[in-house]
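Below is a short briefing on one protein chain. Look over the sequence and the structure before reading the points that follow.

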Amino acid sequence: MPEATFTVRWPDGAVTDCWSPSLVVHDHLDEGATYTVEEFTRRSAAALAEGSERVRARYGFACTASAASLDRIELRAATHAPDARVEVLRLFPPLPEEAPR
């Protein structure tokens, strides 16, 4: 299962890498987009939960690393106002491009 990293800039200027067990994060966040802390946390939680469920479906157990990644996001988010802005700097790896039809 391909994993992904998403790099974000928090309202205080700190840049952190967040980890996902699945490329599903591309369905929830857009590279270059800016979200409120509240929305970023909600979107990240949805992406990480979905990624963890993909791990469960494939291997029979949830992904504890996904839960740990969400914990780190929520701890960092709690230090900022809910309406402050988080910028998604990078989603890696990028999604494969569709083959021409």
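Arginine 9 has a relative accessible area of 34%, so it counts as partly exposed. The model discussed here is predicted.

- The whole structure contains 6 salt bridges.
- Because aspartate 12 sits in the loop between strand 1 and strand 2 (15-20) while arginine 76 sits in helix 2, the pair ties together parts 64 residues apart in sequence.
- Both members are partly exposed: aspartate 12 has a relative accessible area of 48%, and arginine 76 has one of 28%.

- Glutamate 39 and arginine 43 form a salt bridge through their side chains, at 2.8 Å from N to O.
- These two residues both lie in helix 1, where they are 4 residues apart, or about one turn of the helix.
- Glutamate 39 is partly exposed at 25% relative accessible area, and arginine 43 is partly exposed at 24%.
- A network of salt bridges links Glu39, Arg42 and Arg43.
- As a general point, side chains of opposite charge can pair when their charged atoms come close.

Strand pairing

- Strand 1 pairs with strand 4 in the antiparallel sense, over 5 bridges.
- Within strand 4, arginine 90 is the residue that threonine 7 stands opposite.
- Strand 3 (residues 34-36) and strand 4 also run antiparallel and are joined by 3 bridges.

Aromatic pairs

- There are 3 aromatic pairs in the structure.
- One of them is edge-to-face and joins phenylalanine 6 to phenylalanine 40, with 6.3 Å from centre to centre and 65° between the planes.
- This pair links distant parts of the chain, since phenylalanine 6 is in strand 1 and phenylalanine 40 is in helix 1, 34 residues apart.
- Phenylalanine 6 and phenylalanine 40 are both buried.
- Tryptophan 10 and phenylalanine 40 form an edge-to-face pair too, at 5.5 Å centre to centre and 90° between the planes.
- Tryptophan 10 lies in the loop between strand 1 and strand 2 and phenylalanine 40 in helix 1, so the pair ties together parts 30 residues apart in sequence.
- Tryptophan 10 counts as buried because its relative accessibility is 3%, and phenylalanine 40 is buried at 0% relative accessible area.
- Phe6, Trp10 and Phe40 make up one aromatic cluster.

The nonpolar core

- The largest nonpolar core consists of 21 residues, and Phe6, Val8, Leu29 and Phe40 have the most contacts inside it.
- At least two residues of this core come from each of strand 1 (4-9), helix 1 (37-59), helix 2 (64-77) and strand 4 (85-92).
- Helix 1 gives the largest share of this core, 4 residues.
- Leaving aside neighbours within four places in sequence, phenylalanine 6 is in contact with residues including Trp19, Val25, Leu29, Phe40, Ile73 and Leu91.
- In soluble globular proteins, nonpolar side chains tend to be buried together.

Technical notes
Residues numbered from 1 in each chain as written. Predicted model: local features only at pLDDT ≥ 70, side-chain atom pairs only at ≥ 80, totals over all residues. Heavy atoms only, no water. Core = buried A, V, L, I, M, F, W, Y, C linked by side-chain atoms within 4.5 Å. Buried < 20%, exposed > 50% of the residue type's maximum accessible area, 1.4 Å probe, protein only. Contact = heavy atoms within 4.5 Å. Salt bridge = Lys/Arg side-chain N within 4 Å of Asp/Glu carboxyl O. Pairing = 2+ DSSP bridges. Phe/Tyr/Trp six-rings, centres within 6.5 Å; stacked < 30°, edge-to-face > 60°.
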